[in-house]
Amino acid sequence: MTVAPAPSTGTLRAAVLQMTAGPEIAANMDAAAVLLRQARDQGAQLATLPENVARMVQGRERVLAGAFEEGTHPALSRFRDLAAETGLWLMTGTLACLTEDGRAANRCFVIDPAGQVLARYDKLHMFDVELANGERYRESATFRPGDAARVVDTPWGVLGLTICYDMRFPQLYRALAKGGARIITVPSAFTVPTGRAHWHVLLRARAIETGCWILAPAQVGTHDGGRLTYGHALIVSPWGEVVADAGGEAPGVIVADLDLSKVDEARGMVPSLLHDRGFEGP
């Protein structure tokens, strides 16, 4: 990949949503609709939503029982209607979409104000870990990982798509930036222990390394089965500054004006995207 030359110098008013999703799709979509209308009323042009936006449940069987094929997913249909209603560009956060191998894809979508799906991305990296506090996650048992990075053209430049645990893999973000991304979304449902330790620093690092604006919508609070998420939905500038932080307490909307000229400014000051060199492994 090479760094795409087409700079964007306009301003985008972006909204990043923070939610506390439960097990019922209809209730979660109603909550998302309220927040999206708030974003519209604050002048947002693009709104981004968190991972597991339509349904947060524990356990493989329950996740798959509430998953749908993409073409029949009620949350996707509702998001298309909401985009048309509000006139917003939407990055939907993730929905569980059934795949041929019996698992689901953890999939996000980009929808334009006409309600058309322009892009989709399946989470590449699976969160298969056991935390020091005893929490255990095996996403790969439930979700089929994606196999491709994705970008999409918008009126404000190229948007790169990532999801939650992806943020620990800087090579993905570098590839997106070299593929033209000037804004990267990171919908997440981050655990509290890892969030306290790593959330802010990782997102700031991804912004600094790529010279991109980072939009990171998040789940917050207590969910089905007592699972806790960290919150702190963020907007981070290409220089690594936290422009807006939703905090760790409650659902809500944060909005900021993204000056796209800051992308070129940051990349001009530290042009590391142009300085890759091959090397032998250890």
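Author: Two strands pair if DSSP finds at least two bridges between them. Helices (H or I, at least four residues) and strands (E, at least two) are DSSP runs, numbered from the N terminus. This is a predicted model, in which local features need pLDDT of at least 70, side-chain atom pairs count only at pLDDT 80 or more, and totals for chains, interfaces and linings use all residues. Residues are numbered from 1 along each chain as its sequence is written, and side-chain values use heavy atoms, with hydrogens and water left out.

Reader: How do you know that strand E11 and strand E14 pair?
Author: Strand E11 (residues 213-216) and strand E14 (residues 234-236) are joined by three bridges in the antiparallel sense, and pairing asks for at least two. Leucine 215 has isoleucine 235 in E14 as its bridge partner.

Reader: Which sheet holds these strands, and why do E8 and E15 count as its edges?
Author: They belong to an open sheet of six strands with mixed pairing, in the order E8-E9-E10-E11-E14-E15. Strand E8 (150-154) and strand E15 (242-245) each have a single partner strand, so one side of each lacks a neighbour in the sheet.

Reader: What makes you say that helix H7 touches E10 and E11?
Author: Touching rests on contact, which means heavy atoms within 4.5 Å. Helix H7 (residues 261-269) packs on the sheet with contacts to E10 and E11. Its direction makes about 105 degrees with that of E10; axes are lines fitted to C-alpha atoms, for helices over the stretch in contact, and angles run from 0 to 180 degrees between N-to-C directions.

Reader: Why is strand E3 called largely enclosed?
Author: Buried means under 20% relative accessible area (exposed is over 50%, partly exposed in between; 1.4 Å probe, protein chains only). In strand E3 (residues 89-98), nine of the 10 residues are buried, so the rest of the structure largely encloses this strand.

Reader: Which strands pair with E3, and in what sense?
Author: Strand E2 (residues 46-48) runs parallel to E3, with three bridges, and leucine 46 stands opposite tryptophan 89. Strand E4 (residues 104-111) pairs with E3 in the antiparallel sense over seven bridges; there, threonine 94 has cysteine 108 as its bridge partner. E3 and E4 form a hairpin with five residues between them.

Reader: How much of the whole chain is buried?
Author: Buried residues make up 54% of the 282 residues in the protein chain.
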